[in-house]
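Please look over the model below.

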Amino acid sequence: MAISPIDIQQQRFKTRPFGYDKAQVDLFLELLSEELERLCAVNQGLKEELARSRNGLDEMKGREALLKETLLTTQRMVEDLKNNARRESDIILADAQMRAERIVRDAEERRIQLVNDIQQVKRQRISFESSLRSLVESHLRLLDMDLVMVEKQEEPELSYNERFSLGEGTAASVREEPSLREED
């Protein structure tokens, strides 16, 4: 049973002939009532403060939970960003490596093609030089043969009109013509 300050003030005791001094008991009860009233007020204030503290604590716990959740979400996002950045950098590196290999391969193929072209040009030059040398040598032989043939042949000299009147427009008559001119 709870005793309030009013209960203490209204409490009455029976008097006896040799009992307590009524004035002292009343004074003590009044002091006790005031003290209990003060303690009840303090207790009520503490209860209100405790309720405010609990509300604040609940609010802080809610904020803490929200901050933890936000922190975890942020950490997951950071990890996801790091993983995405790693994957993207791996893709970029792989692409760059493939491009580099393609460039090196193309350069090697071009180098091989140029070497082949140079060798082909050298072969063509050698072939051309051989053909030219053989052509020059054959012309020299022909010239040597013509000179030998001209020296060996001692044909009667025909006049210019006689040669053309016979209708021979052969190469032999043309070849002999310079020798006739030399004599003229």
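## Model and conventions

This is a predicted model: local features need pLDDT of at least 70, side-chain atom pairs count only at pLDDT 80 or more, and totals for chains, interfaces and linings use all residues. Residues are numbered from 1 along each chain as its sequence is written, and side-chain values use heavy atoms, with hydrogens and water left out.

## Overall make-up

The chain has 4 helices and 0 strands. Helices (H or I, at least four residues) and strands (E, at least two) are DSSP runs, numbered from the N terminus. The order from the N terminus is α-α-α-α.

Of the 184 residues in the chain, 4% are buried. Buried means under 20% relative accessible area, exposed over 50%, and partly exposed in between (1.4 Å probe, protein chains only). The accessible surface is about 17,000 Å², with 59% belonging to carbon and sulfur atoms. Areas come from the Shrake-Rupley method with a 1.4 Å probe; for residues, only the protein chains shown count as cover.

## A buried serine

Ser33 sits in helix α2, which spans residues 22–152. Ser33 counts as buried because its relative accessibility is 0%. Leaving aside residues up to four places away in sequence, Ser33 touches Pro5, Ile8 and Gln9. Contact here means heavy atoms within 4.5 Å.

## A negative patch

Asp21, Asp26, Glu30, Glu34 and Glu37 form a patch of negative charge on the surface. Patches take residues with over 30% relative accessible area and no salt bridge; like charges are joined within 9 Å, nonpolar side chains (Val, Leu, Ile, Met, Phe, Trp, Tyr) within 5 Å. Lys and Arg count as positive, Asp and Glu as negative; His and the chain ends are not counted. A charge is placed at NZ of Lys, CZ of Arg, CG of Asp or CD of Glu.

Glu30 lies in helix α2. At 45% relative accessible area, Glu30 is partly exposed.

## Salt bridges

The count is 6 salt bridges. Each needs a side-chain nitrogen of Lys or Arg within 4 Å of a carboxyl oxygen of Asp or Glu. Glu35 pairs with Arg38, with the closest N and O atoms 2.5 Å apart. Both lie in helix α2, 3 residues apart, about one turn of the helix.

Arg99 bridges to Asp95 at 3.4 Å between the closest N and O atoms. Arg99 and Asp95 are separated by about one helical turn because they are 4 residues apart in helix α2. Glu108 and Arg111 bridge with their closest N and O atoms 2.6 Å apart.
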